[in-house]
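Try each task before you read its solution.

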Amino acid sequence: MKFAIMGSGGVGGYFGARLAEAGENVTFIARGQHLEAMQRDGLQIRSIKGDVTINPVQATDDPATLGPMDCVIVAVKAWQVREAAEAIRPLIGPETTVLPLENGVEAADTLAEVLGDSPVLEGLCGILAWREAPGLIRHAGVDPFVRLGERDNQSSERTARLKAVFDKAHGISAEIPDDIRVAQWSKFLFICAMSGIGSLCRAPIGVTRQLPETRALIQAMLEEIDQVAKGHGVTFPADAVERAMQFIDAMPANSTSSMQRNIMAGEPSELESQNGAVVRLGQAVGVATPTHAAVYAALLPQELAARGEAPLLQ
């Protein structure tokens with residue numbers, strides 16, 4: 001299959017490299033020093049599932065030069081999804097599928113607003129990975145998985161075909177869940193709690209899950225998201241919160257979320273699409289989210305400063 005990877009950082013770089021390793025036709029869309037390093041030296045993956053270097057690598061900063069793709073994987077930061085959707089218009093043909101691998105629960109809606117409903121699937125992934133240097137992706141934790149499905153949960157030939165391609169790749173497990181929304185919100189459940197507590201405390205999950213005070217905050221955030229999900233008609237299992245805490249407890253002690261790493265570096269983050277989204281989505285269905293509201297408010301000044309939008313001092 002012909003793949004374009006829109007966003008070639010920890011997520012897009014890893015999954016795109018594994019697909020290329022398996023013999024798929026993969027083009028990475030990147031920019032700046034990362035693109036230059038890939039074009040010069042290839043794309044290197046340093047992974048707990050085994051290292052791989054893709055060299056030579058197909059990479060560009062101009063999607064318009066590529067023509068229609070079989071599948072476009074969108075793996076940019078959440079606030080870049082709308083811009084990415086506009087940029088990938090030239091890649092969309094009659095048979096193209098668009099697979100978002102984002103942390104939030106709103107990416108497919110945004111992609112569909114720009115590209116129409118037809119090409120867009122729902123998707124999510126699990127991996128602890130980041131761009132360590134230009135041309136180098138570090139995968140340090142979590143057995144990488146991709147979950148995908150039609151937005152109406154109907155079975156389809158294109159999702160089955162896409163799963164089969166992922167199944168051939170090393171270091172990836174792929175699944176078509178019975179209910180893709182439940183799968184998506186299940187990830188949203190734990191990633192928002194992990195991102196919120198890590199960004200607030202500037203500490204890895206091994207610290208915050210152990211201290212009774214911060215563990216109580218994690219628990220409160222999980223319970224609030226559980227209620228928001230149910231308010232939006234997501235049929236969570238009764239033990240969803242317990243499962244999320246078990247997942248958090250099983251993560252490597254030094255784990256941090258991408259949102260936390262961005263915030264600690266003074267960079268724009270996914271605050272709006274994670275803890276901010278919990279607050280917004282809760283308000284939409286009349287569910288109070290005081291813990292997420294407090295986390296969002298505490299992190300908002302730095303987020304605005306990172307975006308150059310901080311209010312002027314009087």
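**Exercise 1.** Find where Trp185 and Phe188 lie, and classify the pair made by their rings.

*Solution.* Begin with the position: this is a predicted model, and in it Trp185 and Phe188 both belong to helix H6 (residues 180-201). They are three residues apart, about one turn of the helix. An α-helix has 3.6 residues a turn, so residues three or four places apart point the same way.

Next, look at the rings. A pair of aromatic rings is described by the distance of the centres and the angle of the planes. For Trp185 and Phe188 the centres are 5.3 Å apart and the planes stand at 85°. Centres within 6.5 Å make a pair, and planes over 60 degrees apart count as edge-to-face. The pair of Trp185 and Phe188 is therefore edge-to-face.

**Exercise 2.** Decide whether Trp185 and Phe188 are buried or exposed.

*Solution.* The cut-off for buried is under 20% relative accessible area. Trp185 has 4% relative accessibility, so Trp185 is buried. Phe188 has a relative accessible area of 0%, so Phe188 is buried too.

**Exercise 3.** How many aromatic pairs are there, and what kind do Tyr14 and Phe15 form?

*Solution.* The count is four aromatic pairs. Tyr14 and Phe15 form an edge-to-face pair, with 5.4 Å from centre to centre and 90° between the planes. Both Tyr14 and Phe15 are buried.

**Exercise 4.** Check the span of helix H1 (residues 10-21), then see how covered the helix is.

*Solution.* The expected span is 1.5 Å times one less than the number of residues. For the twelve residues of H1 this should give 16 Å, and the end C-alpha atoms are 16 Å apart, so the two agree. As for cover, nine of the twelve residues of H1 are buried, including Gly10, Ala17 and Leu19. After H1 comes Gly23, with a positive phi near 100°.

**Exercise 5.** Which strands stand at the edges of the five-stranded sheet, and what packs on it?

*Solution.* Write down the order of this open, parallel sheet: E5-E2-E1-E6-E7. Strand E5 (58-60) and strand E7 (97-100) each have a single partner strand, so one side of each is left without a neighbour in the sheet. On average, neighbouring strands are turned by 20° against each other, direction ignored. Helix H5 (residues 157-168) packs on the sheet and touches E1, E6 and E7. The direction of H5 makes about 60° with that of E7.

How values were computed:
Residues are numbered from 1 along each chain as its sequence is written. This is a predicted model: local features need pLDDT of at least 70, side-chain atom pairs count only at pLDDT 80 or more; totals for chains, interfaces and linings use all residues. Side-chain values use heavy atoms; hydrogens and water are left out. Rings of Phe, Tyr and Trp (its six-membered ring) pair if their centres lie within 6.5 Å; planes under 30 degrees apart count as stacked, over 60 as edge-to-face and the rest as tilted. Buried means under 20% relative accessible area, exposed over 50%, partly exposed in between (1.4 Å probe, protein chains only). Helices (H or I, at least four residues) and strands (E, at least two) are DSSP runs, numbered from the N terminus. Two strands pair if DSSP finds at least two bridges between them. Axes are lines fitted to C-alpha atoms, for helices over the stretch in contact, and angles run from 0 to 180 degrees between N-to-C directions. Contact means heavy atoms within 4.5 Å.
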